[in-house]
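Dear colleague,

I am passing on a structure that I would like you to look over, and my notes on it come directly after it.

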Amino acid sequence: MIDEKCIFCKIIAGKIPSRKVHEDEHVFAFHDINPWAPIHFLIIPKLHIPSLAQLAPEHAALMGHMMTLAPKLAAQEGCNPYPEGGFRTVINSGTEGGQEVHHLHMHIMGGPRPWLRG
Ligand code: 5GP
Ligand code: ZN
C-alpha cells in the first residue's frame, strides 16, 4: 500500500512538504519541484504502484479517475482552454522511459509557450 522509502508516499503522508493541487480518497496532486512549463503538476495514486508496468485490471477505475481529473485540475491551475490552450500529459515508465521516481505519476504541463522543456 505504502513504501516507507518512497518520496511520493512521503509527500502523500505530509512527511515531505509539497504545494498541493488536489486530494481525495484515491489520489493526490501537487506541483512539480522542477517545473518544465509555467504550470506543471503531478497526479499520483495514493496506492504505491511503482509504474505503469505494474498496472493490473483492478487499477482501471483508479487510472480512469486520474485521467478524468486531469482536465479539471489543469483548468483549476490556470491552463488556457482547449484548443488554443490545452495541456500536455506524460507518464514515464522505467529507466529507458525516463522515469526517475518509482511511484506512478502523471505529469500535467501547460501555460503559454515557450516552455523550458517538453
Ligand atoms: P519522472 O522523471 O519520474 O517522470 O518525474 C519525477 C518528477 O518528480 C520530476 O519532474 C521531479 O522534478 C519531481 N520531483 C522529484 N522529487 C520531488 C519532490 O520532492 N517534490 C516535488 N514536488 N516534486 C519532485
Ligand atoms: Zn510510493
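The notes below take the metal site and then the other ligand.

This is a predicted model, in which local features need pLDDT of at least 70 and side-chain atom pairs count only at pLDDT 80 or more, while totals for chains, interfaces and linings use all residues. Residues are numbered from 1 along each chain as its sequence is written, chains are lettered from A and ligands numbered from 1 in the order in which they are written, and side-chain values use heavy atoms, with hydrogens and water left out.

The zinc ion (ligand 2) is held by C6 (SG), C9 (SG), H48 (ND1) and H103 (ND1) at 2.0 to 2.3 Å, where donors are N, O and S atoms within 2.8 Å of the metal (3.2 Å for Na, K and Ca) and water is not among the atoms, so sites may look incomplete. The angles among the four donor atoms run from 105 to 117°, which makes the site tetrahedral (four donors with all angles between 85 and 135 degrees). Along the chain, the donors have the spacing C-x2-C-x38-H-x54-H. Because C6 lies in the segment before α1 (7-13) and H103 in the loop between β4 (87-90) and β5 (106-110), the pair ties together parts that are 97 residues apart in sequence (helices, H or I, of at least four residues and strands, E, of at least two are DSSP runs, numbered from the N terminus).

As for ligand 1, an oxygen atom of this ligand is 2.8 Å from an N or O atom in the side chain of N92, and a backbone N or O atom of E100 lies 2.7 Å from an oxygen atom of ligand 1.

Best regards

Definitions and conventions: Four donors count as tetrahedral if all angles lie between 85 and 135 degrees; four count as square planar and six as octahedral if opposite donors are over 155 degrees apart and all others between 65 and 115; anything else is irregular. A polar contact is a pair of N or O atoms within 3.5 Å; within protein, one must be able to donate a hydrogen and the other to accept it, and residues adjacent in sequence count only if both atoms are side-chain atoms.
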